[in-house]
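These are my notebook entries from reading through one structure.

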Amino acid sequence: MRRNRRESEYTQPTEICPHPEYWHTGDCETTEQEVVELIGAFVRALQPELVVETGSYKGVMSRAIGEALKKNGHGRLITFEVDAALAEVSRRACRRLPVEVRHESSLAWRPAEKIDFCWLDSGIETRVQEFEQYYSYIKGSIIGIHDTAPHHPVRAQILEKIIDRLSPIWLPTPRGVMLAQVK
Ligand SMILES: C[S@@+](CC[C@H](N)C(=O)[O-])C[C@H]1O[C@@H](n2cnc3c(N)ncnc32)[C@H](O)[C@@H]1O
């Protein structure tokens, strides 16, 4: 990461995460670097064939997943980004990696095969919709949803709409991460 800022510039201390300054990020949209490393490690541990990310932004997570897949020696990432300029930035970040950056909405896409690992990190309103749309293809797989700290609206949407189909753990990171096996 080029500019590594303390997460406390963007996230206030909370009861469950009193030291956001321990985490680092490029900006307020990019996932915390420590969480990026965790998701890369999941891709190494799970050896997936197909990984899907929604919301590529500048490609920091996409690149980490792509590097993990390259190290695995098999598998590919499809990552979605609605902003054309950001999709191009992400493409550049993921050059020579097994990553396809699609400049289209995650919700315009219908999966046609099993998704082995999924990272949902697009709009606040779209992540639960993506879960619903991809559900048949992520059943039994591991997924991660970003921004699930108690102060984020994504958490309430998960609890209201899809919690019965998840075996979750909630990580007390600054912005929050929910990792789950999909039932
Ligand atoms: C929080 S950022 C993603 C951060 C990135 N995953 C990372 O870890 O660095 C959210 C991104 O999702 C994009 N986005 C929002 N809704 C989307 C959708 N339905 N499909 C694809 N991209 C979307 C936004 O343009 C934005 O770039």
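**Entry 1**

I started with a pair of residues: Gly144 stands opposite Leu179 in S9. I note here that the model is a predicted one.

I then looked up the strand that pairs with S9 here. Strand S7 (residues 142-146) and S9 pair in the antiparallel sense, and I counted five bridges.

S9 also has strand S8 (residues 166-171) as a partner, joined to S9 by six bridges and again antiparallel. On that side I found Leu171 opposite Val177 in S9. S8 and S9 make a hairpin, with five residues between them. In the turn, Gly176 has a positive phi of about 90°.

Is S9 enclosed or open? Five of its six residues are buried, so S9 is largely enclosed by the rest of the structure.

**Entry 2: helix H1**

Next I checked the span of a helix. Helix H1 (residues 33-46) has 14 residues, and the distance from its first C-alpha to its last is 20 Å. That is close to the 20 Å expected at 1.5 Å a residue.

Which residues of H1 are buried? I listed Gln33, Val35, Val36, Ile39, Gly40 and Val43. They cover an arc of only 165° around the axis, which puts them on the same side of H1. The general rule I wrote beside this is that an α-helix has 3.6 residues a turn, so residues three or four places apart point the same way. On the other side of H1, Glu37 and Ala45 are exposed.

I also looked up what the buried residues of H1 pack against: strand S2 (24-25), helix H2 (60-72), strand S6 (117-120) and strand S9 (177-182). After H1 comes Gln47, with a positive phi near 50°.

**Entry 3: helix H4**

I repeated the span check on helix H4 (residues 127-138). H4 has twelve residues, but its end C-alpha atoms are only 14 Å apart. A straight helix would reach 16 Å at 1.5 Å a residue, so I recorded H4 as falling short of that value.

The buried residues of H4 are Arg127, Val128, Glu130, Phe131, Tyr134, Tyr135 and Ile138. They cover an arc of only 160° around the axis, which puts them on the same side of H4. Just after H4, Gly140 has a positive phi of about 90°.

**Entry 4: positive phi in loops**

I wrote down the background first: most residues other than glycine have a negative phi.

Tyr57 is not a glycine, yet its phi is positive, near 55°. I found Tyr57 in the loop between strand S3 (50-54) and H2.

Asp147 is not a glycine either, and its phi is about 65°. Asp147 sits in the loop between S7 and helix H5 (153-161). Is Asp147 buried or exposed? Its relative accessibility is 9%. The cut-off for buried is under 20%, so Asp147 counts as buried.

**Entry 5: the ligand**

How many residues surround the ligand? I recorded 19. The closest are Thr31, Glu53, Gly55, Glu81 and Asp121.

I finished with contacts to nitrogen atoms of the ligand. An N or O atom in the side chain of Glu53 is 2.9 Å from a ligand nitrogen atom. For Asp121, a polar side-chain atom lies 2.8 Å from a nitrogen atom of the ligand. With Val82 it is a backbone N or O atom that lies 3.3 Å from a nitrogen atom of the ligand.

How values were computed:
Residues numbered from 1 in each chain as written. Predicted model: local features only at pLDDT ≥ 70, side-chain atom pairs only at ≥ 80, totals over all residues. Heavy atoms only, no water. Helix = DSSP H or I, 4+ residues; strand = E, 2+ residues; numbered from the N terminus. Buried < 20%, exposed > 50% of the residue type's maximum accessible area, 1.4 Å probe, protein only. Arc of directions from axis to C-beta. Contact = heavy atoms within 4.5 Å. Pairing = 2+ DSSP bridges. Near = heavy atom within 4 Å. Polar contact = N/O pair within 3.5 Å; in protein donor to acceptor, adjacent residues only side chain to side chain.
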